[in-house]
Amino acid sequence: MNSRKTNRIGIAIVEHQRQFLIGVRPSGVALAGFHEFPGGKCRAEETAEACAVRECKEETGLDVIAVNELLYEEHAYDHADVKLHFWLCRPKQSLTELKDCDLKGFHWFPVESLPELQFPEANARLIKLLVSSYSDS
Ligand SMILES: Nc1nc2c([nH]c(=O)n2[C@@H]2O[C@H](COP(=O)(O)OP(=O)(O)OP(=O)(O)O)[C@@H](O)[C@H]2O)c(=O)[nH]1
């Protein structure tokens, strides 16, 4: 019998003027050093949408509004099986407030730079989708 636990994960894809909020996974956790969008495990009874908004606030300090689910992906890593819900989100803050925002180590990356960053394997389809949807040309 397969005793591996499958985690539901809510991830916030925070977009602002064709830029995305991205951090680096800290040392000591699975996939340390990889780039990541803010997100984490859903609590019991919590929707992935609510989880994405909560994790974004906890990890970056930014209040966001969830817009729609961009993509759902299942993936088996060595460390866990995951069900990833990628939610498109927008910041609640105004432009001026955003400029002075301390994002706790997260930064805004233009859509063109996404293919150059090293994300976990399960993000591959999402990155292609973002590049094709948000690139200028
Ligand atoms: N946050 C985040 N997690 C991702 C992304 N892509 C991806 O495959 N994951 C996977 O989703 C899972 C997220 O779980 P996590 O361990 O970071 O969540 P958490 O903060 O609730 O965990 P913890 O409180 O147990 O430390 C990890 O297995 C991670 O590898 C991504 O872009 N962002």
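**Entry 1: the helix**

Which residues in α1 are buried? I found Ala-48, Cys-51, Ala-52, Val-53, Glu-55, Cys-56, Glu-59 and Thr-60 buried in α1. For my own reference, a residue is buried if 20 or more other C-beta atoms lie within 10 Å of its own, exposed if 12 or fewer, and partly exposed in between, with C-beta atoms placed from the backbone. Helices (H or I, at least four residues) and strands (E, at least two) are DSSP runs, numbered from the N terminus.

Before going further I noted what kind of model this is. It is a predicted model, in which local features need pLDDT of at least 70, side-chain atom pairs count only at pLDDT 80 or more, and totals for chains, interfaces and linings use all residues. Residues are numbered from 1 along each chain as its sequence is written.

Next I asked what covers the buried residues of α1. The cover includes β1 (6-16), β2 (19-24), β4 (39-41), β5 (64-76) and β6 (81-91).

I also checked the span of α1. The helix runs over residues 48-60, and its 13 residues should span 18 Å at 1.5 Å a residue; the end C-alpha atoms are 18 Å apart, so the two agree. The expected span is 1.5 Å times one less than the number of residues.

**Entry 2: confidence**

I looked up the scores. The average pLDDT of the chain is 94, and 97% of the residues score at least 70. pLDDT is the predictor's confidence in each residue, from 0 to 100. For the complex, the predictor gives an ipTM of 0.94 and a pTM of 0.95.

**Entry 3: around the ligand**

How many residues surround the ligand? I found 16, and the closest are Glu-36, Gly-39, Gly-40, Lys-41 and Pro-120. The elements that give two or more residues to this shell are β1, β4 and β6. β4 gives the most, with three residues. A residue counts as near a molecule if its C-beta atom, placed from the backbone, lies within 6 Å of it.

I sorted the shell by class and got eleven nonpolar, three polar and two charged residues. Here Ala, Val, Leu, Ile, Met, Phe, Trp, Tyr, Cys and Pro count as nonpolar, Asp, Glu, Lys and Arg as charged, and the others, Gly among them, as polar.

**Entry 4: the core**

The largest nonpolar core has 27 residues, and Ile-11, Ala-12, Ile-13, Val-14, Ala-52, Trp-87 and Cys-89 touch the most other members. At least two residues of this core come from each of β1, β2, α1, β5 and β6. Such a core is a set of buried Ala, Val, Leu, Ile, Met, Phe, Trp, Tyr and Cys residues joined through C-beta atoms within 7 Å. In soluble globular proteins, nonpolar side chains tend to be buried together.

Two residues are in contact if their C-beta atoms, placed from the backbone, lie within 7 Å.

Glu-55, in helix α1, was my next stop. Is Glu-55 buried or exposed? It counts as buried because it has 20 C-beta neighbours inside 10 Å. Beyond four places in sequence, Glu-55 is in contact with Gly-10, Ala-12, Pro-38, Gly-39 and Gly-40. Glu-55 and Gly-10 are 45 residues apart along the chain, and their C-alpha atoms are separated by 7.8 Å.

**Entry 5: loops and a strand**

Arg-18 lies in the loop between β1 and β2, and its phi is positive, near 65°, in a residue other than glycine. Arg-18 is partly exposed, since 14 other C-beta atoms lie within 10 Å.

Lys-104 sits in the loop between α2 (95-99) and β7 (107-110). Its phi is also positive, near 55°, and Lys-104 counts as exposed, with 12 C-beta neighbours inside 10 Å.

Last I visited Leu-71 in strand β5. Leu-71 is partly exposed, with 18 other C-beta atoms within 10 Å. Not counting residues up to four places away in sequence, Leu-71 touches Phe-86, Arg-125, Leu-126 and Leu-129.
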